[in-house]
There are 2 protein chains.
Amino acid sequence: MQTPWEYRYANRTKRMGSSVIRELLKLTEQPDIISFGGGLPAPEVFPLKEFRAACNYVLDNHGAQALQYSTTEGYRPLREMIAQRTARYAVSVTPENILITSGSQQALDFIGRVFINQGDHIVVESPTYVGALQAWNAYGAQYISVPSDENGMITDELEKALRIGPKFIYVLPNFQNPGGTTLSLERRQRLVELADQYGVPIVEDDPYGQLRFEGDHLPSVVSLDSKYRGDDGCYTGNVIYLSTFSKLLAPGIRLAWVIAPEQVIKKLVQSKQAADLNTAAFNQMVAYEVGKDGFLDEHVKLIRSIYKERRDVMIEMMEEMFPPSVHWTRPLGGMFLWGILPKEMDAAEVLNIAIERKVAFVPGESFHPNGGGKNTMRLNFSYSNPETIREGITRMGTVLKELVAKQPSIS
Amino acid sequence: MQTPWEYRYANRTKRMGSSVIRELLKLTEQPDIISFGGGLPAPEVFPLKEFRAACNYVLDNHGAQALQYSTTEGYRPLREMIAQRTARYAVSVTPENILITSGSQQALDFIGRVFINQGDHIVVESPTYVGALQAWNAYGAQYISVPSDENGMITDELEKALRIGPKFIYVLPNFQNPGGTTLSLERRQRLVELADQYGVPIVEDDPYGQLRFEGDHLPSVVSLDSKYRGDDGCYTGNVIYLSTFSKLLAPGIRLAWVIAPEQVIKKLVQSKQAADLNTAAFNQMVAYEVGKDGFLDEHVKLIRSIYKERRDVMIEMMEEMFPPSVHWTRPLGGMFLWGILPKEMDAAEVLNIAIERKVAFVPGESFHPNGGGKNTMRLNFSYSNPETIREGITRMGTVLKELVAKQPSIS
């Protein structure tokens with residue numbers, strides 16, 4: 001039965017779709033399916049004991065503040081803690097450069113709201129994070145895809161894209177979602193140079209940077225953008241830097257942050273006032289209590305060791321079980337790796353059969369805003385334990401061997 | 001120092017302003033100012049003990065689920081609980097008619113996102129809730145103001161507004177923010193009739209409906225819209241109904257909900273996927289544990305008795321201290337009352353002097369999207385205790401008496 005609402009949708013709703021991944025996740029929620037589809041942290045690494053103690057401490061000592069409305073910018077001690085951490089691995093900022101958001105997705109939405117006019121071009125890696133596309137599609141963004149290889153965005157191809165006059169460049173330099181790739185130092189430097197030369201700013205999305213299993217931490221893009229540091233030491237750069245507690249602590253508290261020049265933060269704060277007033281004070285105060293005394297530095301070591309083991313098991317099993325015509329990236333950290341099927345194969349068709357065999361992944365096409373990538377797939381290795389990964393990759397291997405054998409052009 | 005970002009703001013940012021109220025709240029955060037300006041619940045009514053028990057229970061028994069990503073629609077047991085409560089005082093719905101949002105402000109934002117094209121007209125009461133204006137300004141809404149009196153929107157003036165072809169009608173029927181007025185039953189019926197006749201749907205915002213101090217509960221607008229009930233019992237009406245836990249439990253957990261036909265919920269879910277993926281599972285599970293066994297019904301009695309006392313003290317003091325040319329509404333519930341100064345006076349100027357005398361309120365002009373209301377003001381009575389209210393109203397009375405005495409046209 002129809003109601004007057006159904007004739008009244010705004011034009012922008014035509015550009016809004018359901019998230020392919022979230023819809024897929026529903027399909028794979030059946031308990032007997034092994035899913036490499038989601039982007040979920042391992043629940044084993046959630047610091048339940050510390051959360052419990054922090055909840056009790058906050059309610060006992062600051063209950064009235066924790067349960068009340070709070071400032072849009074975010075809980076100041078938490079912003080100070082983030083500023084101190086950020087100074088260690090990225091860039092020197094003050095709490096005035098930081099806005100707390102309800103997850104990084106909200107930061108992406110606000111960036112769209114503040115910067116994207118309908119028809120604006122955004123430079124993205126190909127493949128890129130589908131959540132950013134979903135956020136910015138609502139604002140009518142168009143995308144210029146720059147191809148990637150195992151060292152991330154191929155910056156030699158970037159200049160051509162910048163000549164089109166994009167609004168900004170979007171990169172995930174560390175253990176990219178979905179590709180699992182890491183932008184090399186040389187390319188980071190080249191990216192910052194070109195961005196400066198063409199006057200095009202950069203959004204650096206870094207949810208996984210702390211989750212490096214091997215090799216040295218590379219300087220973040222924002223830290224290479226040194227020429228835009230103000231005389232007073234305040235950050236006035238042309239990089240907006242995003243990170244999150246979803247991977248360091250837990251996604252269920254919905255806490256992330258944006259680092260940007262103060263003037264940009266003010267615009268983002270206006271967006272947040274209109275969008276949801278403020279992020280839950282309780283959650284911010286609990287995260288601060290959990291994180292404040294160096295806990296994060298210890299805890300991240302546990303996460304790294306668990307995820308490294310899972311990556312190793314997944315790759316070992318893929319080497320053993322997958323047909324030789326299937327290839328994949330070997331991420332140095334993070335939560336995802338990227339599979340490449342023979343180019344005649346369609347990962348969506350593989351998924352249909354895989355689901356029958358009780359294993360799932362995300363076909364790669366949706367990570368390509370301008371098409372392509374039909375023969376690619378994203379596999380998450382953080383969520384499932386090693387035993388489950390072994391069984392799931394075995395099931396996938398069986399499916400892939402059967403399908404590759406059927407391909408007329410592969411022999 | 002400027003950065004490339006500052007030349008790149010989207011056109012819509014020109015329509016986005018800072019929230020007058022939130023900026024004002026910052027000014028009045030000095031501890032010696034008595035502020036009737038905010039819209040804060042009394043911290044004395046926050047159920048800290050119950051929250052503490054619920055946090056521990058959730059972390060001990062469902063920790064991995066509570067700290068993980070979760071469904072965009074919201075925690076199903078919480079949606080079931082809301083459906084059951086809603087059936088008692090408003091309308092029969094299923095969890096499929098409910099989306100959990102991060103506060104009602106987010107619901108208002110999503111309604112703007114899904115329904116408002118630039119230039120669309122929205123019918124609002126005059127005065128109306130400024131947060132809705134702020135949410136919808138970003139989407140380029142224009143407003144048709146329908147005047148209100150002590151019985152809420154004057155529905156005799158509504159038909160003229162509906163002939164302009166608005167996208168929807170926005171009403172706060174119970175103890176309105178800012179007016180403190182309640183829409184009479186007769187006008188509720190007339191509103192639903194006219195909305196049906198013109199095919200214009202209604203957004204009913206009901207954060208305070210449960211906080212009635214006296215008189216009988218009036219049927220919600222959504223419950224009067226009976227002709228759009230589907231044959232299967234599912235709600236398919238032309239009212240979108242909003243409510244929240246911010247006033248029943250605590251605003252610091254950021255939990256509210258939208259009730260709408262299932263097709264509309266699906267569009268709102270798409271908005272939420274793009275905007276912030278999901279509302280914190282932890283918060284939803286804690287609210288469910290606090291609320292599930294009838295606690296809300298008992299707790300709301302405490303809130304009512306405390307707020308009633310504060311309203312009574314405020315009005316008693318106003319009668320004693322304010323000059324006779326100042327008038328006000330007498331709300332039957334909620335958190336706000338509305339003051340009307342002699343029409344030559346400007347509440348913003350009164351506020352400047354009031355702040356010097358360490359008392360604050362919100363001038364009414366910003367609640368009028370099409371101008372007017374310069375001589376009006378919103379006073380919150382829920383946040384301050386009776387003693388503070390006495391002192392604050394005494395201070396305001398002194399200021400008002402001085403200013404009224406200076407007005408040449410009043411004698």
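This is a predicted model: local features need pLDDT of at least 70, side-chain atom pairs count only at pLDDT 80 or more; totals for chains, interfaces and linings use all residues.
How many bridges join S13(B) to strand S14 of chain B, and in which direction do the two strands run?

## The four-stranded sheets

Two bridges join S13(B) to strand S14 (residues 376-380) of chain B, and these strands run antiparallel. Within this pair, Pro363(B) stands opposite Met377(B) in S14(B). Both strands belong to an open sheet of four strands in chain B, ordered S10-S11-S14-S13, in which the pairing is antiparallel. Its edges are formed by strand S10 (327-328) and strand S13 (362-363) of chain B, each of which pairs on one side only.

Chain A likewise holds an open sheet of four strands, with the order S10-S11-S14-S13 and antiparallel pairing. Here the edge strands are S10 (327-328) and S13 (362-363) of chain A, each pairing on one side only. Two bridges join S10(A) to S11(A), and the two strands run antiparallel; in S11(A), Gly339(A) is the bridge partner of Trp328(A).

## Two domains in chain A

The domain assignment divides chain A into domain 1, made of the segments 4-47 and 297-406, and domain 2, which spans 69-295. The C-alpha centres of domain 1 of chain A and domain 2 of chain A lie 24 Å apart, and the contact takes 37 residues from domain 1 of chain A and 36 residues from domain 2 of chain A.

On the side of domain 1 of chain A that touches domain 2 of chain A, at least two residues each come from helix H1 (20-27), helix H11 (295-321), strand S11 (336-340) and strand S14 (376-380) of chain A. The largest share of that side, nine residues, is supplied by H11(A). By class, the side of domain 1 of chain A that touches domain 2 of chain A has 17 nonpolar, 12 polar and eight charged residues.

## How the chains meet

Between the chains, 75 residues of chain A are in contact with 74 residues of chain B. Helices H2 (48-66), H4 (104-115), H5 (130-137), H9 (262-276) and H10 (281-291) of chain A each supply at least two residues of the side that touches chain B. That side of chain A comprises 36 nonpolar, 28 polar and 11 charged residues.

## The nonpolar core

The largest nonpolar core has 255 residues, and those with the most contacts inside it are Ile253(A), Val286(A), Ile253(B) and Val286(B). Leaving aside residues up to four places away in sequence, Ile253(B) touches Leu67(A), Ala280(A) and Phe282(A), together with Phe245(B), Asn283(B), Val286(B) and Ala287(B).

## A buried loop residue

Thr181(B) has its place in the loop between strand S6 (168-171) and helix H7 (185-198) of chain B. Is Thr181(B) buried or exposed? With 27 other C-beta atoms within 10 Å, Thr181(B) is buried, because the threshold for a buried residue is 20 or more.

Thr181(B) and Glu150(B) are 31 residues apart in sequence, while their C-alpha atoms are 5.5 Å apart in space. Not counting residues up to four places away in sequence, the residues that Thr181(B) touches include Ser148(B), Glu150(B), Asn151(B) and Thr329(B).

How values were computed. Residues are numbered from 1 along each chain as its sequence is written. Chains are lettered from A and ligands numbered from 1 in the order in which they are written. Two residues are in contact if their C-beta atoms, placed from the backbone, lie within 7 Å. Ala, Val, Leu, Ile, Met, Phe, Trp, Tyr, Cys and Pro count as nonpolar, Asp, Glu, Lys and Arg as charged, and the others, Gly among them, as polar. Domain bounds come from an automatic or database domain assignment. A nonpolar core is a set of buried Ala, Val, Leu, Ile, Met, Phe, Trp, Tyr and Cys residues joined through C-beta atoms within 7 Å. A residue is buried if 20 or more other C-beta atoms lie within 10 Å of its own, exposed if 12 or fewer, and partly exposed in between; C-beta atoms are placed from the backbone. Two strands pair if DSSP finds at least two bridges between them.
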